[in-house]
Amino acid sequence: MGTLTICDHPLIQHKLTFIRDKETKTKDFRELVDEIATMMAYEITRDLPLETINITTPVVETPSKVVSGRMLGVIPILRAGLGMVEGMLKLIPAAKVGHIGLFRNPETLQPVEYYVNLPADATERLLIVVDPMLATGGSANAAIASLKSRGCTQIKLMCLIAAPEGVKAVQEAHPDVDIYLASLDSHLNDHGYIVPGLGDAGDRMFGTK
């Protein structure tokens, strides 16, 4: 079973409070999401392998650590996932970015894929799927399945807020995928919104509410 990690750093939790607040304006919301994504990127890259190289400081020659060539990819689920990309690239600027577009069929309520654009070497990279919300898990499961169908095997999922129902759905469908969250909330309401949640992340991020 993949691991579930709650990134509970005090600064993340502080910023998350203002993301939840309905009075937070679009500009501030967008900036806060960006900042939290950067901080969560520290946690999700914690287990990157290191190797030792020799360098020369102004004082002496010494062995020192560098990341050992692990190639990364950031895969936002359109559209809300876009708000997390720049924050991650601040920390891992060499990562390549792919995109997966999904919409919900109004009759079946199931996610439908309408766009996929991945780095040419995606199968060789550790791919981090990003989406602010993990509610029912439908979109995350569809995005992960899409990556797997294209031969990608190294996949992690990073979300700001999740409902237990969504976490369970992803763990059951993709037990090999590690999940990283800023908060695991209480439950989903009758309309499929996370409680207490933050409303519709895409609308709040792009000012379309």
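Predicted model: local features only at pLDDT ≥ 70, side-chain atom pairs only at ≥ 80, totals over all residues.
Leu78 and Arg79 are joined by a cis peptide bond, with omega at about 5°. There is also a cis bond between Val195 and Pro196, and there omega is about 0°. Pro196 sits in a loop too, the one between β13 (194–195) and α6.

Now let's go inside. As background, nonpolar side chains in soluble globular proteins tend to be buried together. In our model, the largest nonpolar core has 39 residues, and the ones touching the most other members are Ile19, Ile36, Met40, Met88, Met158 and Leu160. Which elements give two or more residues to this core? They are the helices α1 (10–20), α2 (26–44), α3 (85–91) and α6 (201–206), together with the strands β4 (72–78), β8 (126–130), β10 (155–162) and β11 (178–184). The largest share comes from α2, with nine residues.

If you have the structure open, click on Leu160. Setting aside residues up to four places away in sequence, Leu160 touches Ile19, Val33, Ile36, Met40 and Met84, and also Asp131, Pro132, Leu181, Ala182 and Ser183. Apart from this core lies another one, of 22 residues, including Ala140, Leu147, Cys159 and Val167.

Let's look at how α1 and α2 pack. Their axes come within 10 Å and cross at roughly 155°. Are they roughly parallel or roughly antiparallel? Angles over 145 degrees count as roughly antiparallel, so that is what α1 is to α2. The crossing of α1 past α2 is left-handed. On the α1 side, the contact is made by Leu11, Ile12, Lys15, Leu16, Phe18 and Ile19, and they meet Phe29, Leu32, Val33, Glu35, Ile36, Met39 and Met40 of α2. By class, that contact holds eleven nonpolar residues, two charged ones and no polar ones.

Is Lys15 buried or exposed? Its relative accessibility is 19%, and the cut-off for buried is under 20%, so Lys15 counts as buried. Leaving out residues up to four places away in sequence, Lys15 touches Leu32, Glu35, Ile36 and Met39.

The next stop is Leu16, also in α1. Leu16 is buried, with a relative accessible area of 2%. Beyond residues up to four places away in sequence, Leu16 touches Ile36, Ile161, Ala182 and Ser183. As for Met88, Leu16 is 72 residues from it in sequence and 17 Å from it in space, C-alpha to C-alpha.

Over in helix α3 we find Gly87. With 0% relative accessibility, Gly87 counts as buried. Which residues does Gly87 touch, if we skip those up to four places away in sequence? Asp34, Ala37 and Thr38. Between the C-alpha atoms of Gly87 and Ala163 there are 23 Å, and the two residues are 76 apart along the chain.

Our other helix pair is α4 (residues 138–149) with α5 (residues 164–173). They pack at an angle of about 25°, and their axes are 9 Å apart. That angle makes α4 roughly parallel to α5. Here the crossing is right-handed. Ala140, Asn141 and Ile144 of α4 make the contact with Ala169, Val170 and Ala173 of α5. By class, this contact has five nonpolar residues, one polar and no charged.

Let me finish with Pro164, in helix α5. Its relative accessible area is 32%, so Pro164 is partly exposed. Apart from neighbours within four places in sequence, Pro164 is in contact with Leu184, Asp185, Ser186 and His187. Pro164 and Asp121 are 43 residues apart along the chain, and their C-alpha atoms are separated by 33 Å.

Notes: Residues numbered from 1 in each chain as written. Heavy atoms only, no water. Core = buried A, V, L, I, M, F, W, Y, C linked by side-chain atoms within 4.5 Å. Buried < 20%, exposed > 50% of the residue type's maximum accessible area, 1.4 Å probe, protein only. Helix = DSSP H or I, 4+ residues; strand = E, 2+ residues; numbered from the N terminus. Contact = heavy atoms within 4.5 Å. Axes fitted to C-alpha atoms, helices over the stretch in contact; angles between N-to-C directions. Parallel < 35°, antiparallel > 145°, perpendicular 65-115°, else oblique. Left-handed = near helix turned anticlockwise from the far one by under 90°. Nonpolar A, V, L, I, M, F, W, Y, C, P; charged D, E, K, R; others polar.
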